[in-house]
Amino acid sequence: MNESETSAGGVQRDTGGIGGHPRGLTTLFFTEMWERLSYYGMRSFLVLFLTASAATGGLGLTTAVATRVYGLYTASVYLACLPGGWVADRLIGLRKAVLWGGIAIMAGHFTLVNQSETAVYIGLILIVIGTGLLKPNISALVGELYERNDPRKDSGFSLYYMGINLGAFLAPLICGTLAQKVGWHWGFGAAGVGMLFGLIQYTLTANRLGQAGKAPAPGQKTEFSFSGVLWFLGVGLILIAMAGDLVFGLELSQLQRFVILLAGSTVFMVSLYVGGNFDATEKKRGISIFVLFLVAALFWAGFEQAGSSLTLFADRMTD
């Protein structure tokens, strides 16, 4: 098979990978597979560990506190993608962001092996930081493997997403089984080893990526602006809604939490709308994205019950 071909625009395309895709797609496929295995593997038993008694090696937290910790952790993982993308675009580039993100994730899982309450919180923070660096930027790397109008791009992302599903499928079978049949620390350790495998193959096959993601995005400038103020205000409101009671001792009702979260999300989306230099067509699309954002939030609120309320239901209410 030829490893490259010339596109209609005269640009050499890398076709040496699976199905005529760029060779770097395989690198990113397996990196993401191992990262998702580590993430969903640990997530599958996290709440069970948090609520398990100290006699069985758990932290002995109440269900209310454990599920709040879990909710704050999973929400922070995705919220951290915002600064993670900024760091890659402005400072270190996509490639280094993925590498350092994977290292932080691995360190977080190995820290959790300690099983003390302090180690658990430190480990979760490391995983949040690492996922914020890795998750958005590895997807952007997939896009950089292709030209803007390359017809292979859609199928390339489909193949890449199969790596996510494969890792998520294997995760509870490996990490969850070890955690409950052998010991909690074995489950945490297996998640860390999974990320280690991902880092090893990412490093050894990084040359397949070519020039993709080697440098920060060109022309990016950091300057004070009204949209920047809105951005920080929106993110601040989101953080208050998520962790105001745990961090600041605020006694927020569910309704108050929802209103603050909705307000923060709205302000954040407006900040992108104001500061994005969009034309009329892009602004209309932005409104559509905001509507989809609200619907997606409802979906993910239900989806994330898989690691908390549904896991506890299965553990306590089923044979």
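Helices (H or I, at least four residues) and strands (E, at least two) are DSSP runs, numbered from the N terminus. This is a predicted model: local features need pLDDT of at least 70, side-chain atom pairs count only at pLDDT 80 or more, and totals for chains, interfaces and linings use all residues. Residue numbers start from 1 along each chain as its sequence is written, and side-chain values use heavy atoms, with hydrogens and water left out.

**View 1. The chain as a whole has 10 helices and 2 strands.** From the N terminus, the order of elements is β-β-α-α-α-α-α-α-α-α-α-α. The chain has 319 residues, and 42% of them count as buried. Buried means under 20% relative accessible area, exposed over 50%, and partly exposed in between (1.4 Å probe, protein chains only).

**View 2. The largest pocket holds about 2000 Å³ of space.** Closest to its centre, among 44 lining residues, are Ala75, Leu261, Ser265, Phe293 and Ala297. A pocket is found on a 1 Å grid over the protein atoms alone: it is an open set of points where a 1.4 Å probe fits, with protein on both sides within 12 Å along at least five of seven lines, whereas from a cavity the probe cannot get out; lining residues have an atom within 4 Å of a point. Grid points are joined across faces, edges and corners, and the volume is the space filled by probe spheres set on the points.

**View 3. Helix 9 gives the largest share of the lining of the largest pocket, 13 residues.** Helix 2 (63-79), helix 3 (81-112), helix 7 (226-248), helix 8 and helix 9 each supply at least two lining residues. By class, the lining has 30 nonpolar, 9 polar and 5 charged residues. Here Ala, Val, Leu, Ile, Met, Phe, Trp, Tyr, Cys and Pro count as nonpolar, Asp, Glu, Lys and Arg as charged, and the others, Gly among them, as polar.

**View 4. A nonpolar surface patch covers about 580 Å².** Its members are Val270, Tyr273, Val274, Phe278, Ile287, Val291 and Val295. Helix 8 (254-275) and helix 9 (280-303) each contribute at least two of the patch residues. Ile287 belongs to helix 9. Patch residues have over 30% relative accessible area and no salt bridge; nonpolar side chains (Val, Leu, Ile, Met, Phe, Trp, Tyr) are joined within 5 Å, like charges within 9 Å. Accessible areas come from the Shrake-Rupley method with a 1.4 Å probe; for residues, only the protein chains shown count as cover.

**View 5. Lys135 and Glu32 form a salt bridge, with closest N and O atoms 2.5 Å apart.** The pair joins distant parts of the chain: Lys135 sits in helix 4 and Glu32 in helix 1 (residues 24-51), 103 residues apart. Both Lys135 and Glu32 are buried. A salt bridge needs a side-chain nitrogen of Lys or Arg within 4 Å of a carboxyl oxygen of Asp or Glu. The whole structure has 4 salt bridges.

**View 6. Arg36 pairs with Glu35 in a salt bridge (2.7 Å, N to O).** Arg36 counts as buried because its relative accessibility is 2%. Glu35 is at 1%, so Glu35 counts as buried.

**View 7. Arg152 meets Asp150 in a salt bridge (2.8 Å, N to O).** Arg152 has 12% relative accessibility and therefore counts as buried. Asp150, at 5%, counts as buried.

**View 8. Gln115 has a positive phi of about 70 degrees, though it is not a glycine.** Most residues other than glycine have a negative phi. Gln115 lies in the loop between helix 3 and helix 4 (117-144). Its relative accessibility is 18%, so Gln115 counts as buried.
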